[in-house]
Amino acid sequence: MDIKERIRRTPREEEAPAEASPRGRKGGAAMLLLRWSLPAAALVVCAVLLLMLAGGSAARRGHLLDADPSGRDDLRLVRPRDEDGTSGSPEVVKDKLLGGLLAPGFDEQSCLSRYQSVLYRRISPHFPSTYLLERLREQEALQKKCGPRTELYMKAVEQLKSGQDIKVMDCNYLVWTAYSGLGNRILTIASAFLYAILTNRVLLVDGDKGTADLFCEPFPETSWLLPSDFPIKQFKNFSVVSPESYGNKLKSKVVHRSPAFVYLHLAHDYSDYDKLFFCEDNQQYLQTIPWLILKSDNYFVPSLFLIPAYQEELMRLFPQRDAVFHHLGRYLFHPSNAVWGMITRYYDSYLARADEKLGIQIRVFDTETGPFQHVLDQVLACTFKEHLLPEVNTQEPIVSPRKAKSKAVLVTSLNSGYYEEFRNMYWEHPTANGETISFHQPSHEEHQDSDKKMHNRKAWAEIYLLSLSDVMVTSAWSTFGYVAQGLSGLKPWLLFKPENRTAPDPPCRQVLSMEPCFHAPPFYDCKAKRGTDTGKLVPHVTHCEDMSWGLKLVDQS
């Protein structure tokens with residue numbers, strides 16, 4: 001997207017007042033207050049002074065006053081005066097619909113995070129295309145028309161129960177099965193949602209593993225949750241060996257029939273026959289199946305970009321190739337009120353007052369729990385080399401200047417050992433540049449347990465908190481980190497996977513794009529019917545930095 005298009009797509013640009021910029025003139029607050037009557041102005045001044053005394057994070061980020069009287073879908077925030085008596089940014093107007101990505105009209109109390117998240121995030125520099133917004137509104141209409149308990153849904157279920165061969169109906173469905181850890185589940189829901197858009201299907205998600213407890217409903221006036229009385233009771237137990245799978249139907253040469261449903265096994269252990277899902281002629285056949293049931297633990301979006309039938313549509317949806325998950329993730333995944341409370345309480349208590357927030361995500365794929373010295377050495381080597389953290393002065397007891405820059409470091413890890421080492425280092429020694437560094441770790445669960453409600457809540461809260469960082473360091477192969485970087489819109493510094501318990505050199509590098517990596521892509525040329533390197537077919541699909549055989553989207557423009 002060129003600069004003219006970016007400027008044109010800026011939300012409500014023509015309506016925003018001159019002083020609305022976060023970096024507006026210092027006198028802007030006075031001009032704003034003069035619009036009101038004297039009593040109202042006095043009340044606001046009192047409220048601002050109270051906020052300053054409270055020292056709360058709402059005073060630093062800006063305090064929500066009330067809905068914009070003009071009827072626009074903006075959140076208006078007023079900042080207090082700085083310590084020297086001058087005004088900071090007097091008024092910040094943030095678009096709670098994220099440039100049209102989100103639909104208006106939801107009950108805000110049922111999902112506080114949907115419209116409040118803009119108060120915690122920087123405005124994204126990545127604009128959704130007009131065409132993506134149009135297709136999202138169309139998908140919402142389809143979800144409402146054909147969603148659970150509607151007449152069309154009940155009719156489709158009755159036909160499914162009959163078990164007879166049926167043709168494509170008015171409403172066709174993609175059922176997502178809950179599988180694997182939380183990061184994988186988020187990435188596969190996003191992949192399934194994009195496939196549903198491409199194939200004009202209603203997306204229904206399995207509520208197992210706490211889906212309803214973690215996320216708000218993304219579609220207005222309907223539910224995306226698969227009803228508990230779904231007639232295919234055994235679908236959660238489908239696997240690579242199930243006769244219902246498309247790969248096994250191809251292998252058995254029974255695809256000439258038109259069954260009521262087909263199971264798509266796209267998990268890491270899928271067979272060569274299952275991988276033929278990504279061939280165009282097989283996509284044409286699947287269009288004739290009214291119900292598709294999907295199980296995956298992969299972000300398979302990059303391979304959708306290699307299917308000729310979908311390429312033109314995908315280019316229109318995502319002219320910026322490396323922002324697919326950034327847009328779909330912010331559209332779909334809004335923390336439930338229970339999780340949002342955990343996020344905001346922690347952010348307000350420990351992170352909000354810092355001048356800069358650094359997120360460090362440490363995921364170790366080892367049978368032992370750690371902490372490991374080589375991992376600690378690697379993280380320090382990366383953060384020092386890339387000037388993300390200041391080095392410590394072990395020779396002199398330097399006292400940081402009173403107005404030194406403050407940096408809050410959020411550490412996410414199953415183990416508390418790394419956090420404790422970092423914290424002790426910066427407690428026992430001053431920083432070389434005088435910065436004030438604080439370290440914070442919300443939880444340390446020791447082991448991943450994706451079947452426990454509170455474990456999943458903590459994981460989702462920490463992913464989201466990590467995504468609120470200004471700078472981020474993530475671990476190779478980790479879907480937890482992929483989700484955080486995608487939601488944030490940042491290109492993190494990636495810690496390479498250690499080998500033989502030795503810190504790699506170099507310790508890290510900045511990734512080419514914020515897109516997640518597809519860990520188990522097919523290497524098959526559907527036209528030539530032979531193996532090929534699918535990371536070299538088009539410029540915008542290449543191999544991942546952390547997994548040489550994986551695929552990821554990059555933006556060449």
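Two strands pair if DSSP finds at least two bridges between them. The views below are of a predicted model.

**View 1. Strands β6 and β7 in the sheet.** β6 and β7 (residues 291-295) are paired in the parallel sense, over 5 bridges. Within this pairing, histidine 265 is placed opposite lysine 295 of β7.

**View 2. The open sheet of 4 strands.** The strand order is β5-β4-β7-β6, with parallel pairing. From one strand to the next, the twist averages 20°.

**View 3. Helices α6 and α8 against the sheet.** Helix α6, residues 130-146, lies across β4 (173-176) and β5, and runs at about 65° to β5. Helix α8 also packs on the sheet, where it touches β4, β5 and β7. The direction of α8 makes about 175° with that of β4.

**View 4. Helix α8 along its length.** The 18 residues of α8 should span 26 Å at 1.5 Å a residue, and the end C-alpha atoms are 26 Å apart, which agrees. Buried means under 20% relative accessible area. By that cut-off 18 of the 18 residues of α8 are buried, so the helix is largely enclosed by the rest of the structure. Asparagine 200 follows α8 and has a positive phi, near 60°.

**View 5. The largest nonpolar core and phenylalanine 333.** This core has 100 residues, and Leu194, Leu304, Phe333 and Trp460 are those with the most contacts inside it. Helix α8 (residues 182-199) supplies the largest share of the core, 12 residues. Leaving aside neighbours within four places in sequence, phenylalanine 333 is in contact with Ile186, Ile189, Ala190, Phe215, Trp224, Phe325 and Trp460. Another core, of 24 residues, lies apart from the largest one; Val409, Val411, Tyr418 and Cys508 are among its members.

**View 6. Serine 467 in helix α18.** Serine 467 belongs to helix α18, which covers residues 453-467. Its relative accessibility is 3%, so serine 467 counts as buried. The side chains of serine 467 and arginine 121 are joined by a polar contact of 2.7 Å. Not counting residues up to four places away in sequence, serine 467 touches Arg121, Met472, Ala484, Leu487 and Ser488.

Terms used: Residues numbered from 1 in each chain as written. Predicted model: local features only at pLDDT ≥ 70, side-chain atom pairs only at ≥ 80, totals over all residues. Heavy atoms only, no water. Core = buried A, V, L, I, M, F, W, Y, C linked by side-chain atoms within 4.5 Å. Buried < 20%, exposed > 50% of the residue type's maximum accessible area, 1.4 Å probe, protein only. Helix = DSSP H or I, 4+ residues; strand = E, 2+ residues; numbered from the N terminus. Contact = heavy atoms within 4.5 Å. Expected span 1.5 Å × (residues − 1). Polar contact = N/O pair within 3.5 Å; in protein donor to acceptor, adjacent residues only side chain to side chain. Axes fitted to C-alpha atoms, helices over the stretch in contact; angles between N-to-C directions.
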